[in-house]
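Student: I have the sequence and the coordinates open. Could we go through the fold by question and answer?

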Amino acid sequence: MNRPVVLVIMDGIGVSTYEYGNAVIAARTPTLDALMNEGLHTTLKAHGTAVGLPSDDDMGNSEVGHNALGSGQVYSQGAKLVNESIAAGSMFASQTWRGLIENCKNGALHFIGLLSDGNVHSNIAHLKAMLTRAKEDGVKKARVHVLLDGRDVPAQSALSYAEDLEKHLNNLNGGGFDGRIASGGGRQKITMDRYNANWPMVKMGWDTHILGKGKGFASCKEAIEAYRSDAPDIIDQDLPAFVIHENGKPAGTINDGDSVVLFNFRGDRAIEISLAFDKEDFTEFDRERSPKVFYAGMLQYDGDLQIPERFLVSPPDIRNTLTEHLIKHGIKEFACSETQKFGHVTYFWNGNKNDKFSKELEVYKEIPSDRVSFDERPWMKAAEITDEVIEAIKSGEYGFIRANFPNGDMVGHTGNFNAAVIAVEAVDLCLARIASAAKECGAVLIITADHGNSDEMLEKTKTGAVSPKTAHTLNPVPFMIINAGKDLTLSNGEFGLSNVAATVCALLNIDYPEVWDKPIVRRN
């Protein structure tokens, strides 16, 4: 076997020389500092067109980042796929859209999803386009169940998106069409759980959207303002659930004969609520009632498990992944993270596929995440991940080992600057242990990230006020190679995350598919 390669992904740790609100610079990182001086290092583009998003104004995210890392190629992703489908008219010509419209002639068409233009999980423009087309296609009643963001967009921006949607609905209303917001809540409170980490979140969303249970308000604006009056610093993602009432009753419960669209395009936080709609023998929580509806996702969020059964836009057909290529060469792999990012080093890494390509040559280890706000334990499970990675290195079984430390991203999303500093420092401590084990065993170590987050934790508003920044950044990410030998140099040019797969192959001294982007390094 050639020297094994170990890839560590420091999720959410980008590179910026701007010190204001930069938890990465503020953190004490002696390991990263030393390793950068010791090995080859550069930065990689991790947002926009480099990861298949519509423009370089679009921040990267963990899903598309791990797709690019694991496939060695750039595919049209999420928002770009949907944009193309809407522009071409193929979404509205699809059998699924026609089924949605036909099914709700005597009922309502419901839309559930993240209300923002962050382009990470959703885009309000897609929702508005579907509402407009729904009226054109004869829908009489539409209800929107909004999940508030404050994570991929400014922390307290929910009112602007709610007002934008209300304006759009008001312009559409009339001529036999009745559209309005029916329910909502913060994305970290209801509906958008992932990786089976917190099913009570999904139940709360079900109770809110489908059953109409919860605190009632006259409007979405009233709900947001009321909750903020109780907690002025609350981030939109943490706002409690609410139900819009009309004449003392919920304005939009979901009932037999209705149609439902989940307009999020990203898969990880869409799978669980989709299962609650699609699966007849669902047992994760008591649904109380399961209305007979025509349900569809914006995309199919899991192609292997066919979740959901119906969808509006086909996801990218990612082929020739790094995992497939290494298996062809008989190279055994180990992948590890805690629950919050486990799917990223497995499902997203392997081209949005749950099943292993080889049960013999792929070994996965998931470490359960704590169910607490991550700023309360910013070290998360970094030590446990490190233990597993070191054991894998020392076992001598694996040719390629990959791990994701979620700290910089998950803690960064809380908006807690001091906690983010600790999160970065926790990762740095763990890197010291991994680097030591790699050198001891003759392994090559690659360190990078999938996007930025903790590198920008504060932002100034137009009035000059300072507020937490919880979104990803547009900054590049670090890339360094340690213990690779003196005959290795950086190739010329600019690189992105999709160049990492071929680099791994170069370090393993094997070929790589012609469709991949070129390696970041070359031999002298």
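Student: In what order do the strands of the open sheet lie, and what is the pairing?

Tutor: This is a predicted model, in which local features need pLDDT of at least 70, side-chain atom pairs count only at pLDDT 80 or more, and totals for chains, interfaces and linings use all residues. Residues are numbered from 1 along each chain as its sequence is written, and side-chain values use heavy atoms, with hydrogens and water left out. Strands (E, at least two residues) and helices (H or I, at least four) are DSSP runs numbered from the N terminus, and two strands pair if DSSP finds at least two bridges between them. Seven strands make up the open sheet, with mixed pairing, in the order β2-β18-β15-β1-β14-β12-β13.

Student: Which are the edge strands?

Tutor: An edge strand here pairs on one side only. That applies to β2 (40-44) and β13.

Student: By how many degrees are neighbouring strands of this sheet turned against each other on average?

Tutor: Axes are lines fitted to C-alpha atoms, for helices over the stretch in contact, and angles run from 0 to 180 degrees between N-to-C directions. For neighbouring strands of this sheet, direction is ignored, and the average turn is 15 degrees.

Student: Strand β12 pairs with β13. Which residue of β13 does Glu333 stand opposite?

Tutor: β12 (residues 333-338) and β13 (residues 362-367) run parallel, joined by six bridges. The β13 residue opposite Glu333 is Glu362.

Student: How many residues of β12 are buried?

Tutor: Buried means under 20% relative accessible area, exposed over 50%, and partly exposed in between (1.4 Å probe, protein chains only). On one side of β12, Glu333, Ala335 and Ser337 are buried, and on the other Phe334, Cys336 and Glu338 are too. The count of buried residues in β12 is therefore six of six.

Student: Which strands does helix α14 lie across, and at what angle does it run to β14?

Tutor: Helix α14 spans residues 382-395. The strands it lies across are β1, β12, β13 and β14, and its angle to β14 is about 175 degrees.

Student: Which strands does α16 lie across?

Tutor: α16 runs at about 175 degrees to β1. The strands are β1, β14, β15 (444-448) and β18 (477-482).

Student: What is the orientation of α2 and α16 to each other?

Tutor: The axes of α2 (residues 30-38) and α16 (residues 417-441) come within 7 Å and cross at roughly 45 degrees. Angles under 35 degrees count as roughly parallel, over 145 as roughly antiparallel, 65 to 115 as roughly perpendicular and the rest as oblique. The two helices are therefore oblique to each other.

Student: Which residues of α2 and α16 make that contact?

Tutor: Contact means heavy atoms within 4.5 Å. From α2 come Pro30, Thr31, Leu32, Leu35 and Glu38, and from α16 come Asp428, Leu431, Ala432, Ala435 and Lys439.

Student: Is Phe417 buried or partly exposed?

Tutor: Phe417 belongs to α16 and, leaving aside neighbours within four places in sequence, is in contact with Gly21, Asn22, Ala23, Ala26 and Met457. Its C-alpha is 6.4 Å from that of Ala23, 394 residues apart along the chain. With a relative accessible area of 24%, Phe417 is partly exposed.

Student: What is the relative accessible area of Val345?

Tutor: Val345 is in helix α13 (residues 339-348). Leaving aside neighbours within four places in sequence, the residues in contact with Val345 include His66, Cys336 and Arg402. Val345 is buried, and its relative accessible area is 0%.

Student: How many disulfides does the structure hold?

Tutor: A disulfide is a pair of cysteine sulfur atoms within 2.5 Å. For Cys430 the nearest cysteine sulfur, that of Cys336, is 11 Å away. The number of disulfides in the structure is zero.

Student: Which residues does the cis peptide bond join?

Tutor: Most peptide bonds are trans. Here one has an omega of about -10 degrees, and its proline lies in the loop between β10 and β11. The bond joins Ile307 and Pro308.
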